[in-house]
Structures are given as structure tokens and as C-alpha cells.
Amino acid sequence: VADVPLPTAGTGFEVAVLDVRTGEGARLTVPEGTRLAHGVSSTTAVERGFETGQGLFTASFEAPPPRQPFDAVAPQRVTVMPVAKEARDETLFAGEGNPQGAYLGPLPIVVTADLAAGLHLTTGATAKVTFDRRITVVKVAGVVDGVPGTAPGAPAVLLDWQTMQAWDMLGHHTPRVPTEW
């Protein structure tokens with residue numbers, strides 16, 4: 001996820017990522033059987049297209065619309081991530097009113113029995129919940145009496161961290177930092 005600052009005026013522009021390396025210096029490559037999916041959370045700029053011929057990826061944008069010099073403009077958020085080759089771009093990234101996009105569907109979670117009862121949830125039910133001030137569609141994969149690491153009787157939700165990170169990325173959110181193990 002990269003934030004691209006928008007100019008207050010001017011012509012179209014292009015952003016290219018030529019190379020990404022790990023802290024040890026190894027070059028990032030796309031895993032076998034996957035391709036890079038690209039998405040833009042369009043706010044002000046209009047994304048023209050992506051291509052992977054120049055470096056890792058290149059994104060081009062139309063000229064920003066005219067506005068007053070002191071108008072506040074959020075940066076344009078560009079997300080690039082490896083996905084299965086057959087995944088269609090239009091189903092990947094979340095749009096307005098669809099927290100995860102069609103590609104991912106609801107986030108599977110396990111909830112404690114008291115929380116499920118309080119929210120009228122049963123195994124297989126879907127609901128909209130808020131994680132870190134973000135609306136997320138969830139599907140109850142199971143209901144348990146307790147979750148290890150939480151106080152007895154405390155309501156808790158258990159979810160797969162890697163899946164949650166993918167949901168965040170496809171929603172153009174910076175991956176969250178783990179707060180507990």
C-alpha cells in the first residue's frame with residue numbers, strides 16, 4: 001500500500017516502483033502461479049491504468065481537477081498485491097459499501113458463546129461488525145465457550161491474521177500492526 005501525494009494543479013503524472021527489496025537485500029518477485037493485482041482508492045485523481053513492463057508496476061493518473069490552493073486533498077492510495085492468476089481485477093478491491101470486495105466475501109470468525117448470544121449470531125450467520133473503526137462483513141465459522149488468552153467469561157473474537165491482512169490490503173488499508181500474540 002503506497003500513498004501518492006496529489007499535486008494541487010498540473011498535468012497527468014505517473015508513479016513507477018522499479019524494485020522492492022527485503023531488509024537483507026533480496027529482490028521481491030511475484031510468486032509462481034500468481035500475478036500482481038493493482039487497485040486505487042479513487043478520491044480525486046482518476047487512475048488511467050497499470051502496467052508491469054517498467055519495473056514492478058507503474059500507475060498513471062489523469063491531471064488533477066482544478067481546485068483552490070488551500071483545499072485539503074488526501075493522498076491517492078495505490079495497492080499492489082499478488083493474487084491467483086485467474087482472479088478478475090474488478091472483483092478484487094473493495095468499493096464503497098462493500099467492505100471486502102467480491103473476491104474475499106465475509107471474513108470467517110470464531111466467537112464466544114456470550115458474544116454470539118448478545119449479537120444474535122449462530123454458526124453460519126453473517127453480520128457487519130466494526131474492527132478498528134472499519135466496517136467488516138463477517139461469517140461465524142464457529143461458537144466456542146472461551147478463547148485461550150482471554151479472561152474466563154470475557155467476550156472474544158478469533159480470526160486468522162493472514163486473512164485479515166489480505167482483507168485490509170484489498171480495502172486499500174495499510175496492514176495493521178499485531179497488538180497481541
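Predicted model: local features only at pLDDT ≥ 70, side-chain atom pairs only at ≥ 80, totals over all residues.
Visitor: Where do I start? Which elements does the chain have?

Guide: The chain has four helices and 10 strands. From the N terminus on, the order is β-β-β-β-β-β-α-α-β-α-β-β-β-α.

Visitor: What share of the contacts in the chain with a separation of 6 or more joins residues 24 or more positions apart?

Guide: That share is 68%. Take one pair as a case. V17 and L56 are 39 residues apart in sequence, yet their C-alpha atoms are 5.6 Å apart in space. V17 belongs to strand 2, residues 13-17.

Visitor: How do I read burial? What fraction of the chain is buried?

Guide: Buried residues are 31% of the 181 in the chain. Buried means under 20% relative accessible area. V17 has 22%, so V17 counts as partly exposed.

Visitor: And the surface? How much of the accessible surface belongs to carbon and sulfur atoms?

Guide: Carbon and sulfur atoms hold 56% of about 11,200 Å².

Visitor: Now charges. How many salt bridges does the structure hold?

Guide: Start with the idea. Side chains of opposite charge can pair when their charged atoms come close. This structure holds two salt bridges. R21 pairs with D19 at 2.8 Å, N to O. R27 also forms a salt bridge with D19, and the closest N and O atoms there are 2.8 Å apart. Shared partners join D19, R21 and R27 into one network.

Visitor: Are D19 and R27 buried or partly exposed?

Guide: Partly exposed. D19 has a relative accessible area of 31%. For R27 the value is 44%.

Terms used. Residues numbered from 1 in each chain as written. Heavy atoms only, no water. Helix = DSSP H or I, 4+ residues; strand = E, 2+ residues; numbered from the N terminus. Buried < 20%, exposed > 50% of the residue type's maximum accessible area, 1.4 Å probe, protein only. Contact = heavy atoms within 4.5 Å. Areas by Shrake-Rupley, 256 points an atom, 1.4 Å probe, with all protein chains shown as cover. Salt bridge = Lys/Arg side-chain N within 4 Å of Asp/Glu carboxyl O.
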